[in-house]
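Reader: Please take a close look at one part of this model for me. I want the packing of its helices and strands, step by step.

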Amino acid sequence: MTQTSVTVKFTLNGKETVKDISPEQSALQVIRDELGMKGTKEGCGIGECGACTIEVNNQAVNACLMFGVQLDGCRVMTVEGLAEEGRLHPIQEKFLAGHAVQCGFCTPGLLMSTHALLGENAEPDDSQIVQAISGNICRCTGYQQIFSSVRAAGGQHVQGRGQEDC
Amino acid sequence: MTTMTCIRPESLDEAVDFLHDHGPDTHILAGGTDLMVDLRSGENHRPFLLDISRIETLKTVELSDDQARLYIGSGVTLTRINTLPLIKEHAPALHKCSFTFASRQIRNMATIGGNVAHASPCGDTIPPLVIHEAEAVVANRDGNRTIPLLEMTKGAYRSALHPEDLVVALKLKTRQPGFFDFQKIGRRKALATSRMSMAVMADKDDQGRISFIRFSLGACTPTPQRMHTVESLFAGKNPTVELMNQGAGLLAEKMVEITGRRPSISYKEPAVQGLFKRMIYPMITWCRQ
Amino acid sequence: MSNDRYHTVGKSIFRRGAKERLTGKPIFCADMELENVLYLKAVRSRHPHAGILGIDTTAALSIPDVVQVFTAKDIPGKNLMGIINKDQPLLAEDKVRSLADPVALVAARTPQAAELAVAAVSVDYDPLPAVFDPEEALAPGAPKIHAKGNVLVQKKVRRGDVAAAFEKAHTIVEKTYRTSAIEHTYLEPDAGVGFPDEDGTLVIYASTQNPHYDHKEVVSLLGVEDHAVRIIQAATGGGFGSKLDMNVQGFIGLALYHLKQPVRYVYTREEAYLATAKRHPFVIHMKTGADETGRITAMQMKAVCNTGAYGSYGIAVASRAAVHATGPYAIDNVDLECTAVYTNHPFCGAMRGFGTPQMALAHESQMDIHARALDMDPLEIRVLNGVKKGTVTATGQELVHSIGFQDCLAAVTPEYRKAGTDWLSEPTPPHIRRGVGIAGMWYGIGNTGVQNPSTARVAMDRNGQVTLFTGCADIGQGSTTILSQIAGEALGLDAMDIHVVVADTKYTTNAGATSASRQTYISGNAVKQAADKLADVLLTEAVNYLKVKKADLRLENGSVRDARHPEKQVGFVRLASRILDKGGELSWQGYFDPETVPLDPETGDGIPYTTYAFACHAACVEVDVLTGETSVRRVIAAHDVGKAIHPENVIGQICGGVAMGVGFALMEAFVPGETISMNDYHIPTAADMPCVIPIIVEAAEPSGPFGAKGVGEPALIPTAPAIVNAVSNALGKRIYALPASLERVLDASIASGHFNNCYQES
């Protein structure tokens, strides 16, 4: 490690984490390459797809646009932090039951966007859901089963987008 | 193979001192959402990364005692622009633009100072700031100075800032206008770079005449524009469809004057009029209420 | 069709592999941990067309951590790839034909070193004149992309007497349609890893739609025996046709062959955009004639599609385009021709629908234009012309079974009518105009007029555990779940109780490509056949054990029981032991190849597919006449998929297809040299999506597994023409080129007068 490395300390999925990193590394590189947590995906590297979405201090962010040094002192959560002791998080359960997973590459990012949304608003309305997840590109599902899974996670029990909505 | 050194000042003075010594060799890191993209697309890595995100004073939003000015710290994120009641009340067009700014993830990181300093022609916050005659408060070791927003941008991605400068805040003339709006056209409904954006605020007298109006155009010219000629057209008049059409024509004329006739103009010329009408038509109704 | 008679078929069980994806398990190639891994990166051409005079790797090799730089001369076998025609070198030898062509391959210990080395490889190019437009490439004297000339293939379908029919026609519509190159934009950029096994086998994990093809190709590139290479499909983050080509697999094989050390190649998004196949852009000239009742009597269609530098799936695209040009309509006189042309555009290959989505824009626009000319309802003209039992298609095939097109039309009718009356008459702001459009489609399941078999094995061990071995790549569409359901149904087991071994060339046999909407139907049949054979052996043994005749026995929850006396039963474990002890066989292979007859090269006569899927979409759009912004509010999508094995998967395909159709219709266009990253290429976000109302129509296919056909590609095909028809309905002005972008829609709005007349002084 050269002298220009930086020590960052942060809480990752509830665990104190200390790591020497290079200043130019992105948060995504720190999480994937330095810490070996592969759940967070790189889809575009420029904040245009949301596959790398993580939660930092309860807010969804693109890990690819964030410098690793910005993690310092933060509470960070990745998809690996959702399930506890092998039990799926309720959001994951809704995605499973709602058939919201196809290829699965966008899934971790969408879960984190959903988690951040429900953290600030336990019962989001449809426009708030769209606002929260429209930074996450999915090419497989057309979003509808994802949308209804997020709805279900937010306590709504309408199947699909509901014909009355359109 | 590390090439960068990261500096993480806790205070504005430290940051400014560092920039004084190393400005040209320094990337300023606020939200990072533009910087990371620029570096990936080949912009040269500079030796220093100055992370200003710990400077708490950059994150404040305050109303002056006489309520005439709104100070928005340069480190205020677009999400806070979206949620702070003070901004919704005193800079409603800015508040509105935050809903369609990139994506939620980017809004959570991106700062208003970054959007201004990056000098992208497509910066969505610019037209809403221009209609508040906003000035950037810029600090360096010699002290603070203000740069009117319209003078902030010298060209596409070229700002008037010197390497030792740091944008500290945006200073807006406050107004709770009777009528305001922000409109943009993108190729899709989220995560879309503006092809064109505009903002307006206006007031009327008791005869329904326009007593105050500011209008700004963004994204379709290399630098943001305040369109005084369009404003003058409306000032003191009862807006009508005819007046609106005239204004649209004038706006298109001015835009073409600035950009010249490039291939994209075949869309932009009618679209700028269309977007203008979409924004102004409700003002006609409002003036008649 | 009732699902009650089935144990697991028709039930939307939890998807296999979903939990791993939901919890972020390291199942994608970019995630896999490897010791001492080398990073690969290709040096790509900087010229669209140029001779290669020399390649100097000295500077690159002197960079610290750079291990090796390979060029074409390092390829031990045959340096030529392509699933249908072989014309694409892994590394360019004498010339480059597009900006994407790889010239050298770097292996380095760090990604940074690999990147530096790529920049340091010096190639001496001799630039050649380039051609990008396919019609220009056909002109005499055009630059020659390949030695054999610029025509990759010309496919024709001819029937009846077109000239005579046009002579008699009441109305004739003749138009030209254009579509853009489309980038698949699967979320996972292409990736692969490789390592040598203990016994020296070169093991390659890849993000792929066709591991067995990859295997054949890597073996040929390396000139080694079949057993020297093993391809395993890693979790694959979408494909949509682009992962049918060899993207990283050949590079990994080459480096592995020489270096015998773990290697990884993960494309950046930018490289995935630059270097992988695109959807063929088409120019379609279409002329149709109708009689006074609206019956279409003749169609002449000439299309040119741009296959770019290499063939890839171009031949299949041209062939399918010609065969599908009529759309799902009975037209007696046809003269259809599609030519695929080489240019210096990045190569185009398979993408969801193989030319059918492009053709649907043309035939569905023509339908609406005819309807308008005759003052007919767009739905009525489709009902009138739509195929039904007994229809003879353009290739002379009589449709006999599972022809659900009329059912699809009927299924959307109520919503379509309601939209046309209620929704259209709701007040809107003056600048918003609403429109409703409809479009149909048909799609032949499997490859066109060629053999495309699948195989599978279903085996039971002594403990009664059943394992399904299938070479079928699940790229997110859910084939592993569906094939498990099919095996489960045949054996009376829950799908999840069956172990699966999937897409590993060491353990599974060839299932063919995950393409052409073929896996449920073709691999489903292969799996069912294998499972049925195993079931029959179990039943035969149970007859002996239970002393009950076979017709009365049922397979249920791991036992065979007497349907009349359920207490009479015997478990699989006991049966397995008895069979094995007698030297019996519990491992059975299934094989299914749909019955097709190759198409005549001049007339196209033949049987291209055993069965077809059908669909109809209705789209409700709002057009901003002032800016050209178009919002799709609602899509009603009826699909005849045969029996839906897993209804929620079918719905997932439909909604995903609609999303891709919205992108194709309104915003997507790949422009070489300009489209660099996801910042330059927009696909729909959640905010762009309409409410989709999927309707599953089940016209059971007798030759399908439990009556199933397919839905993957059909889901996309009618969306874009339905949207274009709706925009046309909104503006009273038609758009003939995709995407119907801001610019094109605003142009139409101006031309129609709506732009200028939208606000009037009240």
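Author: In chain B of this predicted model, helix α11(B) passes α12(B) in a right-handed crossing. Helix α11 covers residues 241–259 of chain B, and helix α12 covers residues 265–288. From α11(B), the contact includes V241(B), M244(B), L251(B), M255(B) and T259(B). From α12(B), the residues include I265(B), K268(B), F276(B), Y281(B) and I284(B). By class, the residues of this contact are 13 nonpolar, five polar and three charged.

Now the sheet of chain B. It is open and has five strands, in the order β4-β5-β10-β6-β7, with antiparallel pairing. Strands β4 (61–63) and β7 (143–148) of chain B stand at the edges. Each has a single partner strand, so one side of each has no neighbour in the sheet. Neighbouring strands are turned against each other by 25° on average, direction ignored.

Strand β6 (residues 135–140) of chain B pairs with β7(B) in the antiparallel sense, over six bridges. There, A139(B) stands opposite N144(B) in β7(B). Helix α1 (residues 12–22) of chain B packs on the sheet. This helix touches β6 and β10 (166–173) of chain B. The direction of α1 makes about 120° with that of β10(B).

Terms used
Residues are numbered from 1 along each chain as its sequence is written. Chains are lettered from A and ligands numbered from 1 in the order in which they are written. This is a predicted model: local features need pLDDT of at least 70, side-chain atom pairs count only at pLDDT 80 or more; totals for chains, interfaces and linings use all residues. Side-chain values use heavy atoms; hydrogens and water are left out. Axes are lines fitted to C-alpha atoms, for helices over the stretch in contact, and angles run from 0 to 180 degrees between N-to-C directions. Helices (H or I, at least four residues) and strands (E, at least two) are DSSP runs, numbered from the N terminus. A crossing is left-handed if the near helix is turned anticlockwise from the far one by less than a right angle, and right-handed if clockwise. Contact means heavy atoms within 4.5 Å. Ala, Val, Leu, Ile, Met, Phe, Trp, Tyr, Cys and Pro count as nonpolar, Asp, Glu, Lys and Arg as charged, and the others, Gly among them, as polar. Two strands pair if DSSP finds at least two bridges between them.
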